[in-house]
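We will go stop by stop.

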Amino acid sequence: MKFSHYFFLISLLMASNLIAGCGRPADSAEKEAPVSIDGGAVGFALSLAVAEEYQRIHPEARVSVATSGTGGGFSKFCAGNLDIAGASRVIRKEEIEKCRENGVEFLELPMAIDGLAVIVNKKNQFAKCLTIKELDRMWNTKAEGRITSWKQINPKFPDERLLLFAPPSDTGTFDYFTQAITGKRRNSRTDFTPNRNQNALVQGVIGNPSALAYLGISFYMQNQDRLNLVAIENNEGKCVKPVPIDNVLRNVYNPLSRPLFIYVNKNNLKTNPSLETFVRFYLENSWKWVDGVGYVALPDEAYVKTLRKFERRETGSKFGKAKPGEPITNFI
């Protein structure tokens, strides 16, 4: 399917926040055991595309795909109430401890790469490139109530009111951006307009000439004719945008390139053959839809290593020590 088709479909499905798997009529075949996925809005499109194709090939399958945020997905997953958690950040230490308390062992499997897009209104012709230092000045906790004008970010910018939009604090996108830009978690100002629906963040920027937001690259790409994409000065001192997306794949759009994951309940793999079959299908075929839903495919080496990790049932997190922008192949 085309990229635009998927986002039209996703917009319809997000309203209900749950995609129910199709099944054969009750008298045609015994249904497979259900498989449940929940997690971040970023990455949802890929899981939806994979589940849709899997159910087309296996009409008896029942795969539900929901999005209650990365934090919400991990909460259900570590309570033992979910087969797969979709995540746009690495699992936290406290979440790992909660999983351990409930006897949940997990496999951490990277599935794609995303570039966080920093966007401004189409009328904004001055914020063409921002440094990490400027973004830090804009977003860290010390900025709250104090940094309210574009001119305070850069004296060359106009003295216009700064309006900020971002995902809420319980999302993986918020966590990753905050750590990448300010150097630590929970170090973001809170006087911005939050919204879990990243399409609403896009509309906020479109409707306000002085606005800025950060979000997953796929949400920019479906609205790129109505937005300006800001280049970010990377670790090498070059102004780089996440589009073309090859900049994300080559890791030159750093530190705002990040891996997207699925976390799989190892115990459920033992008791639910349907989960085993679906995850294997996901690992072997998800690359076919990555570009179409607005993300970046992993390097070939990473897919091979991830499949091997699944076959060996390697549990735990290796990405906890990864710094924003580091190549993911270093941690598989």
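**Stop 1: a serine.** Select Ser36. Ser36 touches Ser64, Asn81, Leu82, Asp83 and Ile84, leaving out residues up to four places away in sequence. Touching, or contact, means heavy atoms within 4.5 Å. Ser36 sits in strand β2, residues 35-39. Helices (H or I, at least four residues) and strands (E, at least two) are DSSP runs, numbered from the N terminus. Is Ser36 buried or exposed? Ser36 is buried, because its relative accessible area is 18% and buried means under 20% (exposed is over 50%, partly exposed in between; 1.4 Å probe, protein chains only).

**Before moving on.** This is a predicted model: local features need pLDDT of at least 70, side-chain atom pairs count only at pLDDT 80 or more, and totals for chains, interfaces and linings use all residues. Residues are numbered from 1 along each chain as its sequence is written, and side-chain values use heavy atoms, with hydrogens and water left out.

**Stop 2: the whole chain.** Zoom out. The protein chain has 14 helices and 13 strands. Its C-alpha trace spans about 70 × 35 × 35 Å along the principal axes. Buried residues make up 54% of the 332 residues. Take the contacts with a separation of 6 or more: 76% of them join residues 24 or more positions apart.

**Stop 3: a phenylalanine.** Select Phe278, in helix α12 (residues 273-285). Phe278 counts as buried because its relative accessibility is 0%. Now show its contacts. Beyond its neighbours within four places in sequence, Phe278 meets Val35, Ile37, Val50, Ala51, Tyr54, Val63 and Ile84. Next, draw a distance from Phe278 to Lys133. Their C-alpha atoms are separated by 43 Å, and the two lie 145 residues apart along the chain.

**Stop 4: the core.** Which residues have the most contacts inside the largest nonpolar core? Select Leu46, Ile119, Met138, Trp139 and Phe278; the core has 99 residues. Strand β5 (residues 106-121) gives the largest share of this core, eleven residues. A nonpolar core is a set of buried Ala, Val, Leu, Ile, Met, Phe, Trp, Tyr and Cys residues joined through side-chain atoms within 4.5 Å. Click Trp139.

**Stop 5: the largest pocket.** Select Val90, Gln179, Phe319, Gly320 and Ala322. Of the 29 lining residues, these are the closest to the centre of the largest pocket. Its volume is about 580 Å³. Colour α4 (93-101), α7 (172-182) and β13 (257-265): each gives two or more residues to the lining. On a 1 Å grid over the protein atoms alone, a pocket is an open set of points with protein on both sides within 12 Å along at least five of seven lines; a cavity is a set where a 1.4 Å probe fits but cannot get out; lining residues have an atom within 4 Å of a point. Grid points are joined across faces, edges and corners, and a volume is the space filled by probe spheres set on the points.

**Stop 6: the cavities.** There are two cavities of 30 Å³ or more. The largest cavity has a volume of about 110 Å³. Select Gly43, Phe44, Ser47, Gly86 and Phe261, the closest to its centre of 18 lining residues. The second largest cavity has a volume of about 80 Å³. Its lining includes Gly40, Thr70, Pro167 and Arg196. Select those four to finish the tour.
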